[in-house]
Amino acid sequence: MEELAAKLLEELNCETAFSIQIPQGVPLIGGVSLDIAESVVITWVIMAVILLASFFLTRNLRVHNITKRQLVAETIVTKLDGFVTGMVGEEGKAYVPYLATVLVFIGISNVIGLFGVKPPTKDMNVTAALALMSIVLIQCAGIRRKGVKGWLKSFTEPIAIVTPINILELFIRPLSLCMRLFGNVVGAFVIMELIKLLVPVVLPVPFSFYFDIFDGLIQAYVFVFLTSLFIKEAIE
């Protein structure tokens with residue numbers, strides 16, 4: 001158990017990938033050293049891979065006699081669009097590109113551990129940032145749909161006495177999104193380490209397939225599903 005605790009602490013530790021030294025001459029922040037976390041670097045790499053893949057798949061698009069590359073791109077976009085639209089509804093179709101992007105990003109982040117890279121979603125800062133972006137989008141969707149007055153009035157629904165609870169939800173929802181994603185990713189790691197300690201080397205393979213791939217993709221779906229659900233509530 002001490003070995004497991006040590007590994008867990010190592011996984012949760014936000015290691016520094018490199019540091020940037022700000023020159024002394026820069027106002028206010030001169031002489032400060034900025035530590036760039038490993039999770040931030042991996043996040044940049046994942047975003048770069050997604051951007052390069054998108055650029056590669058969408059080059060030289062045609063209307064007729066499309067290439068296999070364009071067919072793959074159209075299939076991916078169509079499937080993602082239909083999948084996410086089914087969650088957020090036709091009224092929330094404007095938010096589908098963001099939700100689909102988050103779905104792809106979290107999905108890749110959760111399964112990247114198979115390649116020996118520490119998933120950025122094991123860093124609570126990453127999951128907290130994703131949750132805050134989703135909550136800001138949800139509130140902006142409500143303001144866009146109802147106007148500022150209608151959005152403020154929604155805090156008094158269904159009756160005025162629940163206003164404090166509705167306001168409290170502004171803080172509870174991002175916390176719940178953050179902790180659910182972070183907790184499930186870390187929980188899967190703990191279970192896999194326990195299985196490796198208790199059973200032979202070959203046996204954990206099917207469990208690894210479940211926790212590292214299936215469970216990781218499920219968590220991406222749950223995060224986007226809950227965000228879509230909150231958006232639907234905001235624009236009703």
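Let's start with one spot on the surface: asparagine 60 counts as exposed, because its relative accessibility is 61% and anything over 50% falls in that class. Keep in mind that this is a predicted model. Here's the rest of the picture.

**The chain as a whole**
- You'll find seven helices and two strands here.
- Walk along the sequence and the elements come in the order α-β-β-α-α-α-α-α-α.
- Of the 236 residues in the chain, 34% are buried.
- The chain exposes about 14,500 Å², and carbon and sulfur atoms supply 71% of that area.
- Take the contacts with a separation of 6 or more: residues 24 or more positions apart account for 62% of them.

**Two asparagines in a loop**
- Back to asparagine 60: it sits in the loop between α2 (38–57) and α3 (68–88).
- Its phi is positive, at about 50°, even though asparagine 60 is not a glycine.
- Asparagine 65 is also found in the loop between α2 and α3.
- Asparagine 65 has a positive phi too, near 50°, and it is a residue other than glycine.
- Is asparagine 65 buried or exposed? With 67% relative accessibility, asparagine 65 counts as exposed, because the cut-off is over 50%.

**How α4 and α5 pack**
- To describe two packed helices, you give the angle between their axes and the distance between the axes.
- For helix α4 (residues 96–111) and helix α5 (residues 124–153), the angle is about 170° and the axes are 12 Å apart.
- Angles over 145 degrees count as roughly antiparallel, so α4 and α5 are roughly antiparallel to each other.
- Which residues meet? Tyr98, Phe105 and Ile106 in α4 are in contact with Leu130, Met133, Ser134 and Leu137 in α5.
- Sorted by class, the contact of α4 with α5 has six nonpolar residues, one polar residue and no charged ones.

- An unreviewed UniProt entry carries the annotation "transmembrane region" for residues 41–61, 95–118, 124–143, 181–203 and 209–231.
- In the model, residues 95–118 are 67% helix and 0% strand, and the C-alpha atoms at the ends of this stretch are 29 Å apart.
- Residues 124–143 are 100% helix and 0% strand, with the end C-alpha atoms 28 Å apart.

Notes
Residues numbered from 1 in each chain as written. Predicted model: local features only at pLDDT ≥ 70, side-chain atom pairs only at ≥ 80, totals over all residues. Heavy atoms only, no water. Helix = DSSP H or I, 4+ residues; strand = E, 2+ residues; numbered from the N terminus. Buried < 20%, exposed > 50% of the residue type's maximum accessible area, 1.4 Å probe, protein only. Axes fitted to C-alpha atoms, helices over the stretch in contact; angles between N-to-C directions. Parallel < 35°, antiparallel > 145°, perpendicular 65-115°, else oblique. Contact = heavy atoms within 4.5 Å. Nonpolar A, V, L, I, M, F, W, Y, C, P; charged D, E, K, R; others polar. UniProt positions renumbered as here; feature names shortened; annotations may be inferred. Areas by Shrake-Rupley, 256 points an atom, 1.4 Å probe, with all protein chains shown as cover.
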